[in-house]
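Please look through the following structure together with the report below, which moves from individual backbone positions to the sheet, the helices and the nonpolar cores.

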Amino acid sequence: QGARCFRDEDLRADRQPEFTQVDMEMSFVEQEDILQHLERLFKSMFKEVMGREIDDTFPRLTWKESMDKYGCDKPDLRFGLTIRDVTDIAASCSFSVFRKVADQGGVVRAINCKGCAEKFTRSTVETLTDHALGYGAKGMAWILIHEDGEVNSILQKYFTKEQWKALLTALDAENGDFILFCADGLEVVRRVLGGLRLKCADLLGLTDPGDFQFALVTDFPMFEYKKDEKRYAAMHHPFTMPFLEDVELMQDDETKPQVRSQAYDVVLNGVELGSGSVRIHRADIQQKVFRALGFDKEEARERFGFLLDAFRFGTPPHAGFAFGVDRLCMLLLGVPSLREVIAFPKTKDAR
């Protein structure tokens with residue numbers, strides 16, 4: 001179906017208060033069926049609409065792989081600049097910031113901008129530092145290795161020769177590279193380096209709008225912790241099917257973060273085109289999810305009785321997916337905003 005939708009979120013270049021999506025619902029399917037269907041769909045669309053053949057299989061990443069490698073769950077694969085973890089090496093150096101973070105269970109991660117040392121002037125580094133602070137970092141450590149091998153960094157004096165060699169090896173560092181670091185809690189480091197990765201790509205001109213790189217992101221967490229409410233909530237929605245092997249982990253708060261859902265996104269050039277999930281079709285699993293979310297039997301019956309009743313009639317295994325037509329058109333046309341492809345677009349205050 002073609003569905004007209006309304007969005008209750010802050011507006012930005014790729015968000016409007018109302019938008020159009022193609023919504024697909026399928027019965028008697030598993031996650032793999034959907035993923036293969038989506039790949040065929042978008043390849044066919046590119047061939048018919050753009051006259052472009054996409055021969056490569058869409059790369060697949062789990063949510064965790066995407067977050068650790070790219071700092072976000074909608075990775076732009078048009079360029080490298082991947083994030084690397086160097087916590088073990090940094091934990092043994094004498095740099096107090098790194099040591100303290102490692103001792104408190106945080107992480108130290110870095111991005112190596114290969115061959116870019118001479119392009120990163122003092123003002124460029126200051127710009128990146130300002131962005132890091134804006135993303136929530138307390139600062140930004142860095143290493144600049146000139147083409148002649150001379151090192152410009154405050155970090156070197158805090159590492160022994162063996163530690164320094166191990167650090168550069170872990171980061172695949174060579175003459176001419178610029179490396180930036182973030183040390184903090186995992187969530188902060190992912191956000192900061194994810195943002196800096198995109199900023200570096202922008203500064204270096206690595207984002208060609210005519211280069212289209214798809215990705216399939218899977219295995220999203222079933223639950224996310226709401227700090228302000230001090231409870232776990234469903235990351236996607238409470239009707240998403242968890243992996244069966246993770247079901248028994250749902251009832252304990254310590255193991256809830258390990259529970260994976262059968263939810264998936266299609267990403268194009270760092271933009272989420274759409275998302276979907278395999279739905280729960282078994283009453284026993286649905287009851288366990290409600291219980292994990294803090295609903296007792298009576299509350300679950302009161303709020304979702306219509307669904308639990310439906311399960312009694314033999315609900316088939318089913319799954320769905322929806323993608324934004326406007327957002328896809330925006331990317332295909334290479335324009336910077338949804339306003340360019342929507343009739344009567346709205347301003348930030350929805351006028």
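This is a predicted model: local features need pLDDT of at least 70, side-chain atom pairs count only at pLDDT 80 or more; totals for chains, interfaces and linings use all residues.

Asn269 belongs to the loop between β12 and β13, and its phi is near 55°, a positive value in a residue other than glycine. Most residues other than glycine have a negative phi.

Lys230 also has a positive phi, of about 55°, although Lys230 is not a glycine. Its place is the loop between β10 (223-226) and β11 (231-234). Is Lys230 buried or exposed? With 67% relative accessibility, Lys230 counts as exposed, because the limit for that class is over 50%.

## The open sheet

Seven strands make up an open sheet with mixed pairing, and their order is β1-β2-β14-β13-β12-β9-β3. At its edges are β1 (2-6) and β3 (60-62), each of which pairs on one side only. From one strand to the next, the twist averages 25°.

Within this sheet, strand β2 (residues 18-27) is paired with strand β14 (residues 318-324) in the antiparallel sense, over seven bridges, and Gln21 stands opposite Gly324 in β14. Helix α1 packs on the sheet, where it touches β2, β3, β9 (214-218), β12 (263-268), β13 (271-278) and β14. The direction of α1 makes about 20° with that of β12.

Helix α2 (residues 63-70) lies across β3 and β9, and it runs at about 90° to β3. Which residues of α2 are buried? They are Trp63, Ser66, Met67, Asp68 and Tyr70, and what covers them includes β3, β4 (83-85), β5 (107-113), α7 (186-203) and β9. After α2 comes Gly71, whose phi is positive, near 80°.

Lys69, which is found in helix α2, is partly exposed, with a relative accessible area of 39%. This value places Lys69 in the intermediate class, because it falls between the limits of 20% and 50%. Leaving aside residues up to four places away in sequence, Lys69 touches Thr82 and Ile83. Lys69 and Leu193 are 124 residues apart in sequence, while their C-alpha atoms are 9.6 Å apart in space.

In soluble globular proteins, nonpolar side chains tend to be buried together. The largest nonpolar core here holds 48 residues, of which Phe42, Phe214, Phe223, Val266, Leu268, Leu273 and Leu328 touch the most other members. Helix α1 (residues 31-50) gives the most to this core, contributing six residues. Apart from this core lies another one, of 26 residues, among them Val107, Cys116, Ala132 and Leu204.

What does Phe214 touch, when residues up to four places away in sequence are not counted? Its contacts are Phe42, Phe46, Ile54, Phe58, Pro59, Leu77, Val266, Val267, Leu268 and Leu273. Among these contacts of Phe214, Phe42, Val266, Leu268 and Leu273 are, like Phe214 itself, listed with the core residues that touch the most other members.

Terms used
Residues are numbered from 1 along each chain as its sequence is written. Side-chain values use heavy atoms; hydrogens and water are left out. A nonpolar core is a set of buried Ala, Val, Leu, Ile, Met, Phe, Trp, Tyr and Cys residues joined through side-chain atoms within 4.5 Å. Buried means under 20% relative accessible area, exposed over 50%, partly exposed in between (1.4 Å probe, protein chains only). Helices (H or I, at least four residues) and strands (E, at least two) are DSSP runs, numbered from the N terminus. Contact means heavy atoms within 4.5 Å. Two strands pair if DSSP finds at least two bridges between them. Axes are lines fitted to C-alpha atoms, for helices over the stretch in contact, and angles run from 0 to 180 degrees between N-to-C directions.
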